[in-house]
Amino acid sequence: MDNDLADRRAQLGWSQARLAEELGVSRQTVISIERGRFDPSLPLAFRIAATFGCAIEELFRPEGA
Amino acid sequence: MTTTTRPTAPPEAYAKAGLFTLAVAVTAGAVAGWARSDEFWLVATVFAVCTLGPAIALGWLIFVSGHTVQPDPHVEDSVEARWVERACSGAFVDLVVATGLALTLTSVLDLEVPGGLVLLAVLAGAGIDAVLRYAVISRREC
């Protein structure tokens, strides 16, 4: 899935480590999600959406959509 | 400056772990000595000493770790958990294929292989395979 997690994180001025801490996952997990190499589980996707105050479908899109 | 204190287990937990360790080591030594007809005390001592390390780890896992280790509630959400899952799945398939091939080979060539050696090879092979697969997956997807 494509996502704009890196842009939203940058807007908040957060590092990948800070976002990882907020989400309760490893920094490598955030890196992999931002690069589109790891599709988060549904609970994690909900936590990410809640962290950025948006809906899941605003964050994640099917590849090439 | 903030300081963090490492959680400790109550003294009873350490006592139980110690007793458990001794019981496992002594039992393993006694059974090994009993199973061999000669040199009971030598065999029992060697096996008890060799079992001590794993028994300490097992005792700590059962009686102490519940007090000192706080489980990560989101461990399944991490990419590392997914990598471990894939590495273990791949290693399991490799193990089944390798065991099948080895069995075919020993049957065709009428080879007799010691059971202990086979079990050691299976255990070591599966562990090394899983570690290598994890290393490859994590490097490729980093």
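## Polar contacts and the salt bridge between the chains

Across the interface of chain A and chain B there are six residue pairs in polar contact, both residues being at pLDDT 80 or more; a polar contact is a pair of N or O atoms within 3.5 Å, where within protein one must be able to donate a hydrogen and the other to accept it, and residues adjacent in sequence count only if both atoms are side-chain atoms. On the side of chain A that touches chain B, the elements giving two or more residues are helix H3 (27-34) and helix H4 (42-52) of chain A, and H3(A) gives the most, with three residues. Helices (H or I, at least four residues) and strands (E, at least two) are DSSP runs, numbered from the N terminus. That side of chain A is made up of four nonpolar, six polar and four charged residues, where Ala, Val, Leu, Ile, Met, Phe, Trp, Tyr, Cys and Pro count as nonpolar, Asp, Glu, Lys and Arg as charged, and the others, Gly among them, as polar.

One salt bridge is also found across the interface of chain A and chain B, a salt bridge being a side-chain nitrogen of Lys or Arg within 4 Å of a carboxyl oxygen of Asp or Glu. Arg47(A) forms a salt bridge with Asp77(B), with the closest N and O atoms 3.0 Å apart.

## Basis of the model

This is a predicted model, in which local features need pLDDT of at least 70 and side-chain atom pairs count only at pLDDT 80 or more, while totals for chains, interfaces and linings use all residues. Residues are numbered from 1 along each chain as its sequence is written, chains are lettered from A and ligands numbered from 1 in the order in which they are written, and side-chain values use heavy atoms, with hydrogens and water left out.

## Extent of the interface

The contact (heavy atoms within 4.5 Å) takes 14 residues from chain A and eleven residues from chain B. About 1,000 Å² is buried between chain A and chain B, and carbon and sulfur atoms give 47% of this area; buried area is the accessible area (1.4 Å probe) that two parts lose on being put together, summed over both. In chain A, the residues that lose the most area to chain B are Gln28(A), Arg37(A) and Phe38(A), which together make up 44% of what that side buries.

## Chain A

Chain A has five helices and two strands, and from the N terminus on its elements run β-α-α-α-α-α-β. The C-alpha trace of chain A spans about 30 × 20 × 20 Å along its principal axes. Chain A has a radius of gyration of 11 Å, which agrees with the value near 11 Å for a compact globule of 65 residues; the radius is taken over C-alpha atoms, and the globule rule is 2.2 Å times the number of residues to the power 0.38.

## Chain B

Chain B comes to four helices and zero strands, in the pattern α-α-α-α along the sequence. Its radius of gyration is 21 Å, whereas a compact globule of 142 residues would have one near 14 Å, and its C-alpha atoms fill a box of roughly 70 × 55 × 20 Å along the principal axes. The mean pLDDT (the predictor's confidence in each residue, from 0 to 100) of chain B is 92, and 96% of its residues reach 70 or more.

Over all chains the structure holds seven salt bridges. Among them, Arg86(B) pairs with Glu141(B), the closest N and O atoms being 2.9 Å apart; this pair links distant parts of the chain, with Arg86(B) in helix H3 of chain B and Glu141(B) in helix H4 of chain B, 55 residues apart.
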